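Thanks for coming, everyone. I have one structure to walk through today. Let me put it up.

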Amino acid sequence: MPSQSQELSAEQLVLVSLLVQVAVAAVLSTMLVRFWWFRRILLTERRDWPERLVFAASIGIPLVAGVAIRKFLSFPPADLTLPGSYLAGLIAGPYAGALVGAAVGLTATSWGEWIALPFAVGCGFAGGGLREICPKEAIWHFSPLFFTDLHRYVWKLVRRFQIDWVVLLLAAPIGLDILRQAIGHRFGAERLFVLPTPTPWLWALVILATVLCVAVPIKIWNSARIEHRLQEQEKLLMATRVEALASQINPHFLFNTLTSISSLIRSQPETARVLIVKLSGLLRRLLRAQEHFVPLREELEAIDEYLDIEQIRFGPRLRIDKQIDAGTLDTIVPSMILQPIVENSIKHGIEPKVGEGTITIRTTRNGGDIIIDVIDNGVGVEPSQAPRVQGSGIGLRNVNERLRVIYGSNYQLQLDSLPGEGTCVRIAIPELSEQARKTA
């Protein structure tokens, strides 16, 4: 037997239209929030006129297209005149709401729906008026799940005679939709478009769909605002953590250097004076440095000043060997990342050693990373003791923590050592040049 197709009834068509209308509002708001300029407007409550105009255009153009689609393609769910105009005013103010209302109203008026213009402008002013009188954060508390808290709002009204702002934000689109239904049935859909509501329950669903077309975009946009704020908080937390780690390194270095100077004041006063001059120059560099990241070239210059101090202390016992790949000099590295490593090599490797010691600083490139090795031919440690040495000292522990915080767990300090032969401390840093950082 041939299959018989059943057409949807008038009530079913209206119900499907309402579901699609809410989906259209959700899709449109999701698409808009993906643009950075739209998110930036949402993040600020005080907006200048250019931002208001951009916001009005962002919402108004799709709404105008929706009205045209409803007329020429006979697709009623595309028409979001009421919730769109009200939402524009609620988020950006009465004038932005009126502009959006005027745009969609004029579009409908062009084919005879002459009540659409004053009604849409009124919806925009209604949303903007509520924005002017209610706390701004209350707007973002308007959720599609508003009905779950209705009993609390009613109880607050009955017990304290206090009306919650969410109730007013909810009552406005309900009142506007009731007014639209009344005008539409009085003057006909050819003067103001309304969906037919032959039954009371269908009439209630039309009002519910209008409320959801306002609440769903607010929920989506508020989620984007919260996500952005969390990302900013995470960045601030990381910056604070890096700064705290760096502040632990500098006093540690200063304490050790001052101890060295104090030991030379009586026996070698001239050497102590030179050390103080070198130390003051290094401290001036540290005080001038405001950034947490510097090119490797500047980091090596700071190491040279530190090594000048140590070479005065040790004299011919300390020799420095540099094997620097010229292609790595513009790579951005955390400031003061090498000084604790070099200091550790001198203090625990060269100082206990009998005879001459050598510190080798070597940089190479390897698959998108730069490798920095600080090698000494000092006393070394047992391989089994290397993890303990790496985690016990303030300097190395903080360097390792800074690398992990900034670049992730894959970038950590590596320490290899053999007793009597020396120690190699290696760090890997993603290769990022100064020019790349400026354009990032």
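I'll start with the whole chain, then take the helices, the cores and the sheet in turn.

First, a caution. This is a predicted model. Keep that in mind throughout.

Now the overall count. The protein has 16 helices and seven strands. It runs to 440 residues, and 45% of them count as buried. Look at the contacts between residues at least 6 apart in sequence. Of those, 75% join residues at least 24 apart.

On to a helix pair. Find α3, residues 49–72, and α5, residues 94–109. Their axes are 8 Å apart, and the packing angle is about 25°. Angles under 35 degrees count as roughly parallel. So α3 and α5 are roughly parallel to each other. Their crossing is right-handed. Which residues of α3 and α5 make the contact? On the α3 side, they include W49, L53, A56, I59, G60 and L63. On the α5 side, they include Y95, L99, V100, A103 and V104.

Stay on α3 for a moment. S58 sits in this helix. Is S58 buried or exposed? S58 counts as buried, because its relative accessibility is 8% and the cut-off for buried is under 20%. Leaving aside neighbours within four places in sequence, S58 is in contact with L32, W37 and F38.

The phi of S74 is near 55°. That is a positive value in a residue other than glycine. S74 is exposed, with a relative accessible area of 60%.

D79 is in the loop between α3 and α4 too. D79, however, is buried, at 6% relative accessible area. What does D79 touch, not counting residues up to four places away in sequence? The answer is Q21, G66, V67, R70 and F193. Take G66 from that list. D79 and G66 are 13 residues apart in sequence, yet their C-alpha atoms are 5.0 Å apart in space.

Another aspartate is worth a look. D177 lies in helix α9, residues 165–187. D177 counts as buried, because its relative accessibility is 0%. Leaving aside neighbours within four places in sequence, D177 is in contact with L82, V206, I207 and T210.

Now the nonpolar cores. The largest has 58 residues. Which of its members touch the most other members? They are F55, F142 and W221. Helix α10, residues 200–264, supplies the largest share of this core, with eleven residues. Let's zoom in on F142. Beyond its neighbours within four places in sequence, F142 is in contact with V166, L169, L170, V211, V214, A215 and I218. There is a second, separate core of 36 residues. Among its members are L318, V342, I361 and L413.

How many strands form it, and in what order? Five strands do, in the order β2-β4-β5-β7-β6. The sheet is open and the pairing is mixed. β2, residues 318–324, and β6 are the edge strands, and each pairs on one side only. From one strand to the next, the twist averages 15°.

A helix belongs in this view as well. Helix α12, residues 296–314, lies across β2, β4 and β5. It runs at about 165° to β2.

Now the pairings around β7. β5, residues 369–376, and β7 run antiparallel, joined by eight bridges. Here D373 stands opposite R426 in β7. On to β6. This strand and β7, residues 422–430, are antiparallel as well, with five bridges between them. S417 has T423 as its bridge partner in β7.

β6 and β7 form a hairpin, with three residues between the strands. G420 takes a positive phi there, near 80°.

Finally, the two faces of β6, residues 414–418. Which side chains point to the buried face? Those of L415 and S417 do.

Notes
Residues are numbered from 1 along each chain as its sequence is written. This is a predicted model: local features need pLDDT of at least 70, side-chain atom pairs count only at pLDDT 80 or more; totals for chains, interfaces and linings use all residues. Side-chain values use heavy atoms; hydrogens and water are left out. Buried means under 20% relative accessible area, exposed over 50%, partly exposed in between (1.4 Å probe, protein chains only). Helices (H or I, at least four residues) and strands (E, at least two) are DSSP runs, numbered from the N terminus. Two strands pair if DSSP finds at least two bridges between them. A nonpolar core is a set of buried Ala, Val, Leu, Ile, Met, Phe, Trp, Tyr and Cys residues joined through side-chain atoms within 4.5 Å. Contact means heavy atoms within 4.5 Å. Axes are lines fitted to C-alpha atoms, for helices over the stretch in contact, and angles run from 0 to 180 degrees between N-to-C directions. Angles under 35 degrees count as roughly parallel, over 145 as roughly antiparallel, 65 to 115 as roughly perpendicular and the rest as oblique. A crossing is left-handed if the near helix is turned anticlockwise from the far one by less than a right angle, and right-handed if clockwise.
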